[in-house]
Amino acid sequence: MDFNNVSGFKRRVLIVDDEMINREILGNILGNTYDVFFAENGQEALDVMHGAEKAFSLVLLDLLMPVMDGFEFITKMQQVSEFKHIPVIVMTSEREAEVKSIKLGASDFITKPYHMPEVILARCERIIQLYEDNAIIGLTEKDAVTGLYHRDYFFEYIRQIETHRKSPVDVLAFNIDHFHLVNEMYGRQTGNEVLKLVADKLNEILDDNILIACRTEADTFYVYCDHIDDYSPFISRIKDEFENGTGPAKIRLRAGIYLNADPEIDIEIRFDRAKTACDKIRQDHMTSVAYYSKDLHLRSIYHERLIKDIDEAISNEDFKVYFQPKYDITDVHPKLRSAEALIRWEHPELGMISPGEFIPLFESNGLIQKIDNYVWNKAANKIKEWKDKFGYSVNVSVNVSRIDIFDPVLQDKLKKIIDSNGLDESELMLEITESAYADNAGSLNEVTEKLRASGFKIEMDDFGSGYSSLNMITTIPIDVLKLDMSFIMNMEKDEKSLKLVEIILDIAKFLGVPVVAEGVETKAQLDMLKCMGCQVIQGYYFSKPVPAEEFEKFIIKEIS
Amino acid sequence: MLTIDKLKEYGANTEDGLGRCIGNEALYLRLVGTVADQKDFDNLNSKIGEGDLQGAFESAHALKGVLGNLSLTPLYEKICEITELLRAKTDTDYSVLLSEIQDLREGLRKLAE
């Protein structure tokens with residue numbers, strides 16, 4: 001289909017230039033494709049537009065003209081509702097004029113002397129198409145809430161600016177911490193006020209350096225700035241404004257900055273990098289700005305590699321499930337009680353990858369579900385294998401991540417694994433980390449109730465590590481409490497940790513919930529815990545996590 | 001009569017100039033034929049004479065656009081030079097540059113005879 005000749009009519013293009021020679025050259029280039037109209041200055045152009053029966057698809061505009069110049073024309077045109085969505089391509093040989101016209105709302109530039117005709121024609125076609133496509137899907141180039149550009153226009157404009165502007169730039173990404181909470185707590189209208197305020201303040205504070213800005217993904221702001229060496233004065237002003245200011249809601253704005261961004265790299269990737277820096281400090285409440293660096297870049301490339309390799313690693317079984325025994329110490333002779341399944345990644349090229357590296361990464365993007373599924377299956381297979389081989393049942397705990405809790409088919413998945421291995425639900429124990437409770441106690445309560453009703457045992461992992469509330473263990477139905485290993489590490493030298501362990505053990509005893517102490521390394525720790533009434537111990541004192549074959553020696557010892 | 005060969009001899013990059021006219025030789029020659037009569041040349045002279053460097057800059061700037069599009073290289077280069085001086089409001093003796101521009105303008109006019 002000939003894009004420019006849909007349903008038999010030619011689109012109309014208005015060329016505004018005071019020089020006859022320029023008008024004629026452009027008219028000759030565009031005349032075969034479009035219905036071309038001419039005006040010698042801004043005023044005449046407005047008259048032509050008002051007088052026309054059909055709308056124009058594009059205006060090609062010279063800037064320096066008598067009577068009414070290009071800048072005034074754009075400003076006037078923006079004020080007329082039926083004209084303001086018509087794209088304008090500015091024709092100029094002035095570098096500085098480009099930024100000014102983009103700010104006013106121009107869509108592209110044609111430099112003088114003109115490029116070859118094919119280039120000019122292609123540019124015109126592309127701009128018209130961009131605007132028409134967006135008109136079809138109901139988008140305008142500006143975001144109604146903040147007045148900033150929409151993402152697509154923003155990137156498109158930067159690409160145009162960069163075709164002829166070569167000065168160094170910085171790309172900045174800003175994100176509002178927990179913005180969804182602002183919406184939830186104060187309502188959407190306040191949320192919108194906050195977004196508008198952020199846009200206004202960024203514009204005000206970055207003022208002279210800002211070239212163009214957009215809002216994306218609800219609460220992220222992208223800003224394209226002339227390069228400056230030091231953003232710290234701006235950042236501290238932004239911090240003052242939002243963290244101590246009198247706005248509709250107190251918010252924390254994080255910034256990720258890619259200084260002197262490499263112009264050879266696609267603009268969207270440059271902003272991805274600024275965003276990566278910005279995301280890196282999501283959890284760090286003391287830091288409000290992060291700079292994109294080579295280290296960070298290498299790290300993000302490494303992470304991308306891990307993400308890319310996960311499926312292959314699962315099918316090649318590069319993930320190894322290790323088992324760490326848990327011993328019941330209530331008797332004089334410790335008795336093998338159960339085991340915890342832990343994952344290791346033996347990458348064929350990158351070597352052994354620490355779970356500390358890939359688990360937080362996969363938790364953050366949801367891929368952890370694949371890992372969890374894998375471990376559940378492998379652990380269940382082993383329980384069955386050991387039962388068949390030794391006639392001995394070792395209960396194995398597996399991790400259930402936060403995201404699994406919200407999986408509507410979680411129970412079916414687990415049930416299927418239990419059934420296909422001929423196990424009892426109680427043999428595959430489910431560890432849910434404490435922070436999941438803080439996130440959404442309501443649904444967690446519901447899910448754990450259901451799982452327990454069908455026979456699964458629930459262990460609360462890492463208790464005491466984060467947002468614990470003692471109240472929580474009285475309200476959430478659990479079968480085992482796992483004491484965070486930081487208590488064990490500190491209890492010998494820190495009276496407070498010791499006291500806390502004592503209190504937790506007392507409450508657990510009162511509730512009739514057994515406690516597992518993790519990270520026990522020494523006889524002294526074991527004795528202290530035993531003395532305080534702790535029943536189960538896991539840690540290097542007994543064994544580090546070991547491969548399944550090696551774990552068998554604990555079973556053999558137990559049954560002999 | 002103006003011809004492509006004469007323009008080549010003059011130093012114009014006729015390949016580029018014709019390219020911008022999509023190879024339409026008649027159009028190109030017609031447009032080049034109007035250049036020597038551009039009022040902006042006279043304005044440039046008079047504004048500099050009056051000391052109105054901003055006004056002179058605007059005329060030079062307009063000429064620069066036109067000459068560049070037609071690729072009349074020798075004249076274009078001189079006009080670029082004076083445009084930059086005027087942009088910076090340089091306080092200098094413009095007479096040599098102006099007379100060179102005038103000579104090139106007349107040279108162009110002669111080509112058409």
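Two strands pair if DSSP finds at least two bridges between them. Helices (H or I, at least four residues) and strands (E, at least two) are DSSP runs, numbered from the N terminus. This is a predicted model, in which local features need pLDDT of at least 70, side-chain atom pairs count only at pLDDT 80 or more, and totals for chains, interfaces and linings use all residues. Residues are numbered from 1 along each chain as its sequence is written, while chains are lettered from A and ligands numbered from 1 in the order in which they are written.

**Stop 1**

Select residues 480-483 of chain A, which form strand β18. On one flank, three bridges link β18(A) to strand β19 (residues 515-517) of chain A, and the two run parallel. Find A:Lys482; its opposite number in β19(A) is A:Val516. Now select strand β17 (residues 458-463) of chain A, which pairs with β18(A) in the parallel sense over three bridges. There, A:Phe463 has A:Leu483 of β18(A) as its bridge partner.

Show the side chains. In a regular strand they alternate between the two faces of the sheet. A:Val480 and A:Lys482 point one way from β18(A), A:Leu481 and A:Leu483 the other. All four are buried (20 or more other C-beta atoms within 10 Å of a residue's own; 12 or fewer makes it exposed, anything in between partly exposed, with C-beta atoms placed from the backbone).

**Stop 2**

A:Asp462 is partly exposed, because 19 other C-beta atoms lie within 10 Å.

Jump to A:Glu217, in the loop between β8 (210-216) and β9 (220-226) of chain A. Its phi is also positive, about 45 degrees, although A:Glu217 is not a glycine. Is A:Glu217 buried or exposed? With 11 other C-beta atoms within 10 Å, A:Glu217 is exposed.

**Stop 3: a five-stranded sheet**

Next comes an open sheet in chain A, with parallel pairing and the strand order β2-β1-β3-β4-β5. β2 (35-39) and β5 (108-111) of chain A stand at the edges, each with a single partner strand, so one side of each has no neighbour in the sheet. Neighbouring strands are turned by 20 degrees against each other on average, direction ignored.

Zoom in on strands β3 (residues 58-62) and β4 (residues 88-92) of chain A, which run parallel and are joined by four bridges. A:Leu60 faces A:Ile89 in β4(A). Contact here means C-beta atoms, placed from the backbone, within 7 Å. Angles run from 0 to 180 degrees between N-to-C directions; axes are lines fitted to C-alpha atoms, for helices over the stretch in contact.

**Stop 4: two packed helices**

Select helices α13 (residues 368-390) and α15 (residues 410-420) of chain A, whose axes lie 9 Å apart at an angle of about 25 degrees. They are therefore roughly parallel to each other (under 35 degrees; over 145 is roughly antiparallel, 65 to 115 roughly perpendicular, the rest oblique). Show A:Trp376, A:Asn377 and A:Ala380 of α13(A) against A:Leu414, A:Ile417 and A:Ile418 of α15(A), which make the contact.

Conventions:
Two residues are in contact if their C-beta atoms, placed from the backbone, lie within 7 Å.
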